[in-house]
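Visitor: Please show me the model, and let us then go through the questions that it raises.

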Amino acid sequence: MPRYDIRINGAARTIETSDPDQPLLYALRGLGLTATKFGCGLGRCGACNVLVDGQAVQSCMAPVASLEGKSVTTLEGLGTPANPHPLQAAFIAAQVPQCGYCTSGVIISAAALLGEKPKPSEAEIRTALDGNLCRCGTHVRVVRAVLAASGQEG
Amino acid sequence: MTTSPDAPRLSRRTLLEGGALMVGFALGDALAPVGALAQGAARSAAAAAATRILDPKEVDAYLAINGDGTVTVWCGKVDLGQGLRVAIPQIAADELGIGLDRITYVEGDTALTPDQGRTAGSYGIARGGMQIRQAAATARKALVERAAHRLGVPADELVAADGAVRPRTGGAGLTFAELIGGARFDLKLDPKAPLKDPESYTLVGKPLPRPDVPAKCTGTLTYMHDHTVPGMLHARVIRPASVGAHLVSVDESSVADLPGVRVVRIQDFLAVVAADEWTAIKAAGALKAQWSAGSGLPAQAELPALLRASPGTTEQVLTTKSSTDAAPPPEDARSLTATYFWPMQSHASIGPSCAIADVSAAGATIWTASQGTHGNQATFARFLGLPKDKVRLIYLDGAGCYGMNSHEDAAADAAVLSRAVGAPVRVQWSRQDELGWDPKGPPQLIDIAGTIDAAGYIRDWRTDMWIPENTRGLPSIPLLAPEAAGLPQTPGLNSGMISQNGDPPYRTGRMQVVAHWLKTAPLRPAPLRSPGKPANCFAVESFLDELAAAAVLDPLQLRLSGLTDQRGKAVVEKIAEMMSWEQRPSPGPNSDQPVGRGRGLAYIHYKHDEAHVAIGMEVAVERASGAIRVERVFCAHDCGQIVNPDGVRAQVEGSIIQTLSRVLKEEVTFDRERVTSVDWSSYSLLTFSEVPKLDIALIDRPTEPPLGAGEAACAPVAAALANAVFDATGARLRTVPFTPERVKAALGGQASMPRT
Ligand code: FES
Ligand code: FES
């Protein structure tokens, strides 16, 4: 069975799969990393976003084989309840999630943005998140939390 | 694929083993993870299931004082992200007289929680919470009486606070644990047990953080989609190629090269089952099946006309009021008629539905994100052929569902499959099936005729609505799996009261509302957040503005002059203040500009006895493209006593944004065979860039009963927007969604209403 060496949340992992086209999403969830969610499998909602070498990538569209040698970070890898990433802390403080199903992908997209641009404008935040859908309507709180996490109180 | 041995899978599973999600509170620590108490508590809960009192008339069904002085609260309503997990404990802790940090909360498990009805209609707090408040008040009264007896002090000289009953004047008391710890109350809910003075509440009214938020932000909450059961198999169901099609043949050899795939066929129910999810997905894609022609769908463009002409319609007068004024209308009176249409819409959950079932001859356990944990019990028992008490449903968080999406169907799929293969089965729906096959918010066609005089008095009003009969509040939504598999069904869910709020909430002369109940409607209708009310309020509140424009009156003043309800007046006045409303008729002064700017508002007294909500909007409309830009939304919201202001605010934000999405963009499309809006391109939602600024004013009425806050603010959104577009351009939109094409058509003077 083909094996792929991928760094996941800082640890070297080997993923074995008979199908190199298997999307990363299923490999991650199979490892118990279930923060990353299945929303469409079509690259249209952002629920499955993860960081690959710092960029936001839709894990439902990324075959495991394409990740060989890359570094993947999921929401679990950003921080923990006891030691949250600044974005996670800001999302908690702003009480962002309702159902929370979109939240992992939204935080990942925001982390990719802040990696590139530490103090984005409100319009830049919104544009960066246009690939993330939220049905519960948490958008206003999301924007406020990203501003707060980047040291710009919304 | 294989997972490495150190996969943290087992620890996730044990968190929920044997029971529902439990929440513990650590006050002042916003990062306390959900489930901090869960591991041990869940196991003891499983053991406790055998001895639980579930009768909703009993105090013991809702709460217990444990031997260590902590309190367990059981709630049959579930938290869908709307915050019941903190709001109900706030209510219970305050009424009982104990700190929130001493409460353990258990929700939505038919083996553990009392049946408080479906979590729907915004009744989570207003009904579910009030039952628990009454249970807590009954319990407190009993605790005080016990203490009076043991201390030899009159009951009215004692108070319950901080988990103990003490003399009001101070001195030694007895803790709840000393009074009853570990034993049952054996008391019926006493409707006369006095409630505390709202002034004395210390938790109710506070914006306490929701306990599940840290877990949702760090990926540690176990959603339905994340839950696993030992020995569980993964399945995908293959839906018919067309609505109503029958399965003719299946070519099992088409999946023969995929390892361990099993094809399950029961009449027209077809599924593939595999050991892992990706194999099941691939098998579902590879399986070759032949389907008969479907039962057909109407031509979409003809839908409004078909509703109006539908044979076998029954009429029902919902409201009628005769006029005392027999005189003919004065000459300056203006009479208008208009037709409004609201299309079918999807719940459009971000996560396609998922469920797990473990069914054997002895009984069934079903994990589901459905809002009807208890309500599904009889339905599932019937088609599984099991006694009701042998069917256990356990709620786990899912993607928000806002009524009845496909959670119930996924659970039925899993149950039918688990019984067929003799192992626990997890069913995950696809995006295409979720948008294609979820039961839909039904189409609504509404005519209004009315007469207004120059002084703004509405002399005459008549609403006619054409709506599907099976939305009449009857339990009538069939589930897909038992239907396809030919199993008997007792449908247990209904689609909400979609006929409410078809009458104007203002002083009128003669007034009548008539429902034309349609025998059939395309696709399964279901409750979708604020069932029916967004359309009815769209028609009523748009028409009010049409009357105002005809009489050349300011639409806000017209509402104030017609409102008799003081709380209604207060929210409309609040909107006037928030928007610095300038008194003038619509359309506004720049309505002929290339980019017209305007303002509009709408009001509802939700279901006539719930929240009062007024919404105002500021919009810009570009004539050339027909694009509407919603710049600002204002909302004044009175839902009585506010239990958790931040929770209410989040619900109002969500109601407004979600409904704006519905009004600007959403319509289920279909051809003559099937639904064609099955992905996020063909059924698109509002994006971050399109979400406007929101200004929300919550009006707290601490001494009034709490009313639902989960959906009332959905209702006025469409009319407020249509009225603002009219103010900005002079064009009147009467069909949802307000696409650029419809705006351009309305600007060009064509009626935006399809032919009827
Ligand atoms: S699940 Fe990957 S983009 Fe939707
Ligand atoms: S919080 Fe529910 S979809 Fe975003």
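Visitor: How many residues of chain A and of chain B take part in the contact?
Guide: This is a predicted model, in which local features need pLDDT of at least 70, side-chain atom pairs count only at pLDDT 80 or more, and totals for chains, interfaces and linings use all residues; side-chain values use heavy atoms, without hydrogens and water. Residues are numbered from 1 along each chain as its sequence is written, with chains lettered from A and ligands numbered from 1 in the order in which they are written. Contact means heavy atoms within 4.5 Å. The contact takes 58 residues from chain A and 71 from chain B.

Visitor: How many salt bridges does the rule find across the interface of chain A and chain B?
Guide: A salt bridge requires a side-chain nitrogen of Lys or Arg within 4 Å of a carboxyl oxygen of Asp or Glu. Lys37(A) and Asp226(B) form one, at 3.0 Å from N to O. Across the interface of chain A and chain B, the number found is six.

Visitor: Which element gives the largest share of the side of chain A that touches chain B?
Guide: Helices (H or I, at least four residues) and strands (E, at least two) are DSSP runs, numbered from the N terminus. Among the elements giving two or more residues to this side of chain A are β2 (11-16), α4 (103-116) and α6 (139-149). The largest share, six residues, comes from α6(A).

Visitor: Which residues of α6(A) make the contact with α16(B)?
Guide: On α16(B), the partners include Asp646(B), Arg649(B) and Glu653(B). From α6(A) come His139(A), Val140(A), Arg141(A) and Arg144(A).
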